[in-house]
Amino acid sequence: MRSAILYGAHDFRIDELPTPEIREDECLVKVKACGVCHSELHQWDKRIKDLDYPRHIGHEVSGEVLKVGKNVKDFKPGDRVAVWADGKGYAEELAAKAERLCLIAPEIPYELALSEPIMCTTNGVMKANVQLNDTVALVGTGFMGLILMQEIKLRGVKQLIAIDVRQEMLDLAGKLGADVVINPLKEDPVKAVRKLTGDKGVDIGFEVGGVQATFELAPELIRMEGKLVIFGYHPGPRQIKDLGYWNWMAFDIINAHFRDMNTILRGARIGMALLNDGKINMEPLITHRYKLEEIETAFSAAKEKPKGFVKSVIMME
Ligand SMILES: [Zn+2]
């Protein structure tokens with residue numbers, strides 16, 4: 001079977017590998033789609049010195065069960081599944097523990113059923129404990145922000161404010177349910193949020209962008225004793241501009257990043273159930289589809305974000 005392996009910076013190669021062996025508690029999955037994740041870009045764009053290359057990356061997998069191990073009871077060949085994978089997702093076949101699989105409803109196309117990002121957003125909303133009638137600001141409405149936003153809306157918030165410098169992302173956020181959109185290139189977001197919240201600030205500020213600028217802006221939007229949710233992925237050092245201010249404002253600081261496998265799998269199951277029930281709309285978010293041999297182009301698109309880009313996915317056939 002073919003697998004795209006990352007040998008170094010901008011150096012994916014398609015290698016021929018044997019079909020993976022499965023253990024008793026595993027399934028062999030014929031991969032149909034694998035999402036290109038923002039969290040993979042840094043190791044593709046530059047060779048990171050503490051990481052081993054070649055690397056078998058790709059963790060946002062969906063596909064069809066081909067074979068099950070003898071202890072697997074919940075899945076059978078032919079099942080359509082989303083997989084929370086440790087890597088090795090940019091390949092035609094993948095061995096995965098059955099507990100990491102979720103069934104996909106028949107009407108959901110494979111490329112929309114990406115359980116890892118939906119797990120992150122679902123767990124993020126639950127860990128932030130978004131309450132009825134909260135006001136919420138999202139700083140960064142790319143792919144993850146746009147899923148997060150839809151799940152926050154399910155909690156019955158009073159007002160959801162989406163903030164991003166890409167106007168087309170804000171337009172999409174508006175279509176998917178944001179009550180107010182703010183583009184910091186056009187207006188001062190701190191002033192705008194103050195005005196919207198009677199000079200108080202929002203109950204919850206989600207930092208989603210994962211860059212220094214979003215990390216600095218989010219706390220400036222939050223009311224005293226509000227929640228600062230660090231949701232963005234931060235693969236490098238970040239400066240806290242003024243910890244004294246966070247302290248004075250008595251913020252609850254919530255790190256919405258998940259490492260424990262039980263937490264991860266619980267979020268994946270709940271999130272996939274919401275997707276299967278039509279409560280999360282992924283259709284407008286999967287904008288760029290590529291073949292396995294076009295994986296370099298798929299990663300370039302994820303980095304450069306051409307017009308209309310939200311997310312690229314590798315399609316196996
Ligand atoms: Zn991911």
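1. P54 sits in the loop between α1 (41–45) and β4 (60–68); helices (H or I, at least four residues) and strands (E, at least two) are DSSP runs, numbered from the N terminus. The peptide bond joining Y53 and P54 is cis, with omega about -5°.

2. A word on the basis: this is a predicted model, in which local features need pLDDT of at least 70 and side-chain atom pairs count only at pLDDT 80 or more, while totals for chains, interfaces and linings use all residues. Residues are numbered from 1 along each chain as its sequence is written, and side-chain values use heavy atoms, leaving out hydrogens and water.

3. Next, two backbone angles. K88, in the loop between β5 (80–84) and β6 (93–97), has a positive phi of about 65° without being a glycine. K88 is exposed, at 53% relative accessible area (exposed is over 50%, buried under 20%, partly exposed in between; 1.4 Å probe, protein chains only). N133, also not a glycine, has a positive phi of about 70° and lies in the loop between α2 (115–128) and β8 (135–139).

4. The structure holds 17 salt bridges (a side-chain nitrogen of Lys or Arg within 4 Å of a carboxyl oxygen of Asp or Glu). In one of them, R2 pairs with E293 at 3.4 Å between the closest N and O atoms. R2 lies in strand β1 (residues 2–8) and E293 in the loop between β14 (288–291) and α9 (295–304), so the pair ties together parts 291 residues apart in sequence.

5. Finally, K30, K32, E64 and E317 are linked in a salt-bridge network. Here K32 is buried at 12% relative accessibility, whereas E64 is partly exposed at 24%.
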